[in-house]
Amino acid sequence: MAERDLTKGPVWRALASVSAPMTLGILAVLSVGIADSYFLGQLGGAPLAAVGFVYPIITALSSLAIGLSAGANAAVSQAIGRKDDAGAVHRLSLHAVGISLALSAAIALLLAAIYPFVFQLMGAGEAVTKEIRGYMPLWAMSFPLLGTIMVINAIFRAHGDAALASIFMIFAAVINIALNPVFIFGLGPIEGMETAGAALATLVARSLALAAAVIYALRKGYLRKCGTWMQDFGHSLTAIASIGGPAAFSNAINPAGMALVTAAVAKIGEPAVAGFGAASRVQSVAMVVMLALSSGMGPVVGQNWGAGKHERARSAVVQAWAFSVVYGLILAVALTLLAKPLATLIVKDEEAASYMVEYLRIVGWSLFGYGILVTANAAMNARSKAFHATGLSLVRIFVIYLPLVWVGLVLYGYTGILVAAVIANLAAVLGAIYLCRRTMLLPAINDLRQELRP
């Protein structure tokens with residue numbers, strides 16, 4: 001079994017070696033949401049609005065799976081950095097897969113039982129609710145598959161093999177997008193299922209991707225039976241849960257907060273929900289580079305911290321933040337210029353398109369702050385300080401964002417909601433600086449100047 005040592009060589013190269021392949025993988029995954037919006041938008045306003053309501057919920061649940069994978073990544077990467085016995089690493093990996101499968105199956109069952117009440121509370125109308133009922137049961141069935149795939153991919157990344165992880169993400173996305181029009185509109189003997197067809201395409205794609213990932217992981221040696229199956233299970237559970245539990249909660253906070261924000265947007269009307277949801281998905285795709293960078297932070301910080309090379313871990317944080325600022329400003333300019341063409345391409349309803357344009361042109365200028373937030377959280381998770389990451393996300397959403405959303409809605413309507421997002425993203429930067437200094441993930445001021453010097 002080969003693995004990449006991320007504790008040697010330039011730090012930026014270690015970050016790039018893990019993050020760059022993940023850019024394509026995450027872009028592929030997020031492109032599924034754009035494809036869903038495009039194809040369902042052809043059916044009319046109700047299916048598109050349904051996606052607007054569903055998107056923050058499924059993103060929140062997907063973030064739970066991402067959090068569990070963060071726990072697996074941190075535990076395995078630190079074990080590799082400490083040069084633990086290979087058998088212990090194998091058992092830890094198998095335990096991570098089993099824990100993720102069991103928890104995600106339980107979450108899927110709960111989701112299938114309560115989703116009608118959730119969307120009713122969010123303010124979904126009768127026509128939109130009908131579309132949601134066709135989508136959610138099938139998507140819930142696919143959630144345990146997603147959780148397992150993410151943990152296996154986290155194991156690949158922990159070994160420094162991010163390219164392998166991205167391959168299976170791309171494979172699932174390509175199959176999903178290819179099947180979307182077949183199941184949504186129908187083809188030959190296959191009858192069109194409309195909104196439910198999008199969820200079925202996701203279920204089939206994830207099933208195939210998981211089968212391929214498990215087979216390859218076994219052949220590659222990343223998953224291998226070593227000793228008694230349950231040997232050291234308690235240790236594995238503690239190592240994974242101590243990071244994965246808070247990380248799952250932390251990752252789910254942001255999209256869960258978006259669900260509550262969507263409820264505020266629903267007060268304006270369904271076109272606003274459709275435009276807000278479409279803009280959120282474009283934002284996710286635009287942020288793919290920063291999300292990939294945060295996925296690379298885990299193994300780089302984890303391996304170096306486990307090896308006692310703390311200065312390299314701090315250097316990774318500084319370099320990731322510098323990149324987030326530069327990329328975020330470039331992104332802001334691009335979204336401002338391309339907002340209208342993107343809205344015309346994705347959203348057919350003119351009113352919904354206007355809401356989408358306004359979102360991209362206002363919120364886009366604060367996305368560098370969200371990039372700093374996600375990379376800081378990834379670094380703190382890898383440093384085994386997941387509760388700090390959770391606290392940062394909690395304060396951003398529930399202390400700053402949501403209260404300002406409702407104040408902004410009352411005073412300025414839709415624009416007030418967008419300004420609240422900008423303030424929350426900027427506040428996250430200050431919180432990230434404070435907590436990373438508290439957790440020793442930022443260097444002293446003099447060292448920081450040296451780090452940023454060309």
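The legends below describe views of a predicted protein model.

**View 1. Overall fold of the protein chain.** The chain contains 15 helices and two strands, taken as DSSP runs numbered from the N terminus (helices H or I, at least four residues; strands E, at least two). Its radius of gyration is 21 Å, close to the 22 Å from the globule rule for 454 residues, so the chain is as compact as a globular protein of that length; the radius is taken over C-alpha atoms, and the rule is 2.2 Å times the number of residues to the power 0.38. Along the principal axes, the C-alpha atoms fill a box of roughly 55 × 55 × 35 Å.

**View 2. Burial in the protein chain.** Of the 454 residues, 57% are buried (under 20% relative accessible area, 1.4 Å probe, protein chains only).

**View 3. The largest nonpolar core.** This core has 145 residues; such a core is a set of buried Ala, Val, Leu, Ile, Met, Phe, Trp, Tyr and Cys residues joined through side-chain atoms within 4.5 Å. Phe119, Ile132, Met136, Phe276, Met297, Met356 and Tyr401 touch the most other members. Helix H4 (residues 126–158) gives the most to this core, with 17 residues.

**View 4. Surroundings of Met136.** Leaving aside neighbours within four places in sequence, Met136 is in contact with Val54, Ile58, Leu111, Tyr115 and Phe119 (contact: heavy atoms within 4.5 Å).

**Notes.** Residues are numbered from 1 along each chain as its sequence is written, and side-chain values use heavy atoms, with hydrogens and water left out. Local features need pLDDT of at least 70, side-chain atom pairs count only at pLDDT 80 or more, and totals for chains, interfaces and linings use all residues.

Technical notes:
Buried means under 20% relative accessible area, exposed over 50%, partly exposed in between (1.4 Å probe, protein chains only).
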